Amino acid sequence: MNNTKKLNEVRKEVVAILQEIRPEFDFSEKIDFIEEGMLDSFDVVTLVTTLDEKFQISIDGMDILPENFATIDSIIELLLKNGAKSESDFS
Amino acid sequence: MELKVNLTFHNKKITGILTILPSNIVKFEDEMDNYNFSKAKSLKLKLAMGYNTHRIAKDNTTVSDLCVYGLNYLFEKDYLKKEDIDALILITQSPDYFMPPTSNVIQGKLGLKHDMICLDINQGCAGFEIGLYQAFMLLEQSEVNKVVLLNADILSKKVSKRDRNSNPLIGDGASITIVEKSDKPNVINCNIKMNGTGYDVLMVPAGGFKLPSSPETAEMKEDKAGNFRSLDNLVMKGDEVFNFVQREVPPMIENLLKSSKRDIEEVNYFMFHQPNKFMLRKLADKMKIPYDKMPNNVVENYGNASGVSIPTAICHNISEELKSDDMFLCFAGFGVGLTWASILMNVGHLDFCEFLEY
C-alpha cells in the first residue's frame with residue numbers, strides 16, 4: 001500500500017466506508033458485523049470494490065471470507081495482508 | 001494442487017461459432033424494485049457486478065427453437081451442410097422434455113440424416129469445455145468428420161424475479177460451434193475436475209424425480225438475505241460459488257499452462273465463463289492477467305447463459321480477429337456440479353463468428 005497512514009486514520013476511513021454502505025448501523029461499535037447482520041454478501045462486494053479503489057490494492061479473492069469483514073480490526077488486517085508494504089506503514 | 005486429469009487432443013479445430021440471443025432485452029433498472037435493497041445499493045452493485053441488460057427468452061421459446069433457428073441460418077448461409085453433420089451434441093440444463101433427448105428433437109425438426117449421433121449432456125457453466133471434449137473424442141473416430149456442438153439454456157424461466165442473487169445476472173441463449181478434424185498437427189491441452197459433494201451449491205431443488213413439482217414446491221419463501229424463491233426455482237449459494245472459483249480456477253490454469261509449456265504472455269485471450277464482473281476481475285488480479293486479455297463484459301450486455309457465455313464472449317469481443325487471424329486461446333468454465341475445466345488451443349480463420357437474434 002503506497003501510504004504512510006496512521007492506524008487511526010485508516011480505522012476512520014474504514015468506518016466511514018462502512019457507514020456509507022449501511023448508514024443505518026454504527027460501525028464504531030466492537031461487535032461482529034457479519035453475525036449481527038450488518039453486512040451481507042453484496043455489502044462485502046461493495047466494500048471490497050471500495051477498499052480496492054481507495055487503497056489501490058486488489059484484495060485476494062481467497063481472502064473474501066465473512067470472518068475477514070467481521071470487525072474493523074479484521075478489515076485492517078486484511079488491508080495489511082493485501083497491500084501494505086509492512087505493518088509499520090500503519091503503526 | 002496438481003491436477004490429475006489432463007487431456008490432450010491432436011488434429012482438431014473449431015471452424016465456426018454462432019451465438020443466438022433472444023431479441024427480448026430486460027434492463028436491470030426496470031427490475032430493481034423487485035429486490036430487497038435500496039436503489040443506491042443496487043446502483044453500486046450494478047457497477048461492481050456488471051448488472052445492466054440481459055437477454056431473456058419469451059415464455060414459449062424452447063432450447064430446440066433457438067438451436068433449430070441458428071442451424072437453419074447456417075444452412076441458408078451455406079456455412080454448413082446438413083449431410084455433413086456426423087454428430088449433434090447438446091449441452092443444456094433446460095431440455096424441452098425429460099425424454100426424449102432434445103438433440104433428437106432438433107435432428108428430427110431439421111430432417112437430418114439418420115446415420116449420425118445425437119447426444120444430450122446435462123452441464124452448465126463448464127458446458128463449452130465439456131462439449132468440446134466430447135466433440136474431440138468423437139472426432140477420433142474415422143467415420144466422424146464434423147461435430148456440431150450446441151450449448152443452450154433458458155434458465156431465466158427457473159429463476160425467481162425476486163431473487164437478487166441470480167436474477168440480475170441470468171441470461172438465455174444458444175451457441176453453435178462447429179468442430180472438425182484438422183490437417184495441422186496442432187495440440188490441444190485440457191484439464192477437468194469435478195466435486196459432486198458441492199451438488200447443492202447451484203441447483204433447482206424440485207421438478208425432478210427426487211422432488212416432483214407440486215403446489216408445495218411452488219410456494220415462495222423468503223431466505224435470510226431477503227430473496228424470495230420457491231423450490232421450483234434455481235438457487236445459488238453465491239458465497240460458496242465465489243470461494244470455489246477463487247480457490248480452484250487459478251491453480252487449474254497454472255497447471256494447464258505448465259503442462260502445455262506455455263506462459264500467460266503467449267495466450268492471446270483468456271475466454272472464461274462469465275458469472276459476473278467482480279468474480280472475473282478478482283480472478284484476473286490473482287493470476288496477473290491484464291483485464292483486456294480476459295473480457296468480463298458478457299453479463300452487462302447479455303447476462304450469463306451458462307455454457308453459452310464463452311461463445312458469447314468470443315463473438316462480442318474478438319469475432320473479426322478470429323475470422324482473419326489465428327489466436328492462442330484459453331477457455332475456462334466453472335460452476336454447477338461442481339465442475340471446473342479448461343482448454344488451451346489455437347483458434348482462427350473461422351468461416352463465421354457472429355450473433356443472430358431470435
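**View 1. The open sheet of chain B has six strands in the order 6-5-7-8-2-17, with mixed pairing.** In this predicted model, in which local features need pLDDT of at least 70, side-chain atom pairs count only at pLDDT 80 or more, and totals for chains, interfaces and linings use all residues, side-chain values use heavy atoms, with hydrogens and water left out. Residues are numbered from 1 along each chain as its sequence is written, while chains are lettered from A and ligands numbered from 1 in the order in which they are written. Helices (H or I, at least four residues) and strands (E, at least two) are DSSP runs numbered from the N terminus, and two strands pair if DSSP finds at least two bridges between them. The edges of the sheet are strand 6 (117-121) and strand 17 (352-357) of chain B, each of which pairs on one side only. From one strand to the next the twist averages 15 degrees, with axes taken as lines fitted to C-alpha atoms and angles running from 0 to 180 degrees between N-to-C directions.

**View 2. Strand 5 (residues 87-91) and strand 6 of chain B run parallel and are joined by five bridges.** B:Leu90 has B:Asp120, in strand 6 of chain B, as its bridge partner. In general, strands of a sheet pair through backbone hydrogen bonds, either parallel or antiparallel.

View 3. The contact (heavy atoms within 4.5 Å) takes 50 residues from domain 1 of chain B and 56 residues from domain 2 of chain B. The two domains bury about 4,500 Å² between them, of which carbon and sulfur atoms give 61%; buried area is the accessible area (1.4 Å probe) that two parts lose on being put together, summed over both. B:Cys125, B:Tyr133 and B:Lys158 supply 14% of the area that domain 1 of chain B buries against domain 2 of chain B, more than any other three residues. Between the domains the count is one salt bridge, a term that requires a side-chain nitrogen of Lys or Arg within 4 Å of a carboxyl oxygen of Asp or Glu.

**View 4. Chain B touches chain A through 18 residues on each chain.** About 1,500 Å² is buried between chain B and chain A, 60% of it on carbon and sulfur atoms. Of the area that chain B buries against chain A, B:Lys41, B:Lys44 and B:Lys282 supply 31%, more than any other three residues. Six salt bridges are found across this interface, and A:Asp40 forms a salt bridge with B:Arg164 in which the closest N and O atoms are 2.7 Å apart. On the side of chain B that touches chain A, helix 2, helix 6 (238-260) and helix 7 (277-287) of chain B each give two or more residues.
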